[in-house]
Amino acid sequence: MKALLSILLSFTLSACGPTPQKQTRAEITGTQTERVTRATAILAKYGTLPGPLLDAHMAEDLADKSGGRVPGPSDVYLSGVITFPPADLPKWQKILSPQTSHVDSPSYGGHLPAPAWWPAAAAFKDCEFYEPKKLTGRTFGFVALSPSAAAIYFSTFSN
């Protein structure tokens, strides 16, 4: 009887442990035009874009660390790749200025694996780096502007 009671007690106590972290992703999908429209609307919340986007990929990853309690702490990651007409490069540099120091290992943030559209590490070799606040409204992370690709890569987070 004591052995059965001990087993039941151990199962009960283990069930009271913290709930695993819930991880979700919301990603912009659809045609190129649909992605550009949605990304433009999201980024326009934080400032005026200096020109049209040619293409856009964005994802928001949420790591809910509440352990099943409401409300709970969460980490929110916003990452993306946007491209623009090469002639607009000076406008983007101006709006993102000032540059920051080089990011040693720019990588996709978040707890989930990087989406297929996230660039390989080599894409960052000629990038200029900027604070993310002006583009994404977030304080942490990076914005990397690639003059050769006329692209901006960003991975930011808030908690």
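Predicted model: local features only at pLDDT ≥ 70, side-chain atom pairs only at ≥ 80, totals over all residues.

Colleague: Is Tyr77 buried or exposed?

Modeller: Tyr77 is buried, at a relative accessible area of 12%.

Colleague: How many aromatic pairs are there?

Modeller: Rings of Phe, Tyr and Trp (its six-membered ring) pair when their centres lie within 6.5 Å, and planes under 30 degrees apart count as stacked, over 60 as edge-to-face and the rest as tilted; by this rule there are nine aromatic pairs. One of them is the tilted pair of Tyr77 and Phe157, with 5.8 Å between centres and 40 degrees between planes. Tyr77 lies in strand E3 (residues 74–83) and Phe157 in strand E6 (residues 151–158), so this pair ties together parts 80 residues apart in sequence; helices (H or I, at least four residues) and strands (E, at least two) are DSSP runs numbered from the N terminus. Another pair, Tyr108 with Trp118, is edge-to-face, at 5.4 Å centre to centre and 70 degrees between the planes.

Colleague: Which residues do ring pairs link into a cluster?

Modeller: The cluster consists of Tyr108, Trp117, Trp118, Phe124, Phe129, Phe142 and Tyr153. Within it, Tyr108 is buried at 12% relative accessible area, and Trp118 also counts as buried, at 12%.

Colleague: What does Ser155 touch?

Modeller: Contact means heavy atoms within 4.5 Å, and, leaving aside residues up to four places away in sequence, Ser155 touches several residues, including Tyr108, Trp118 and Phe142. Ser155 is found in strand E6 and is buried, with a relative accessible area of 4%.

Colleague: Which residues of H2 are buried?

Modeller: In H2, these are Arg35, Val36, Ala39, Ile42 and Leu43. Viewed down the axis of H2, the buried residues fall within an arc of 130 degrees, so they line one face of the helix; the arc is that of the directions from the helix axis to the C-beta atoms. The face turned away from this buried side carries the exposed residues Thr33 and Thr37.

Conventions
Residues numbered from 1 in each chain as written. Heavy atoms only, no water. Buried < 20%, exposed > 50% of the residue type's maximum accessible area, 1.4 Å probe, protein only.
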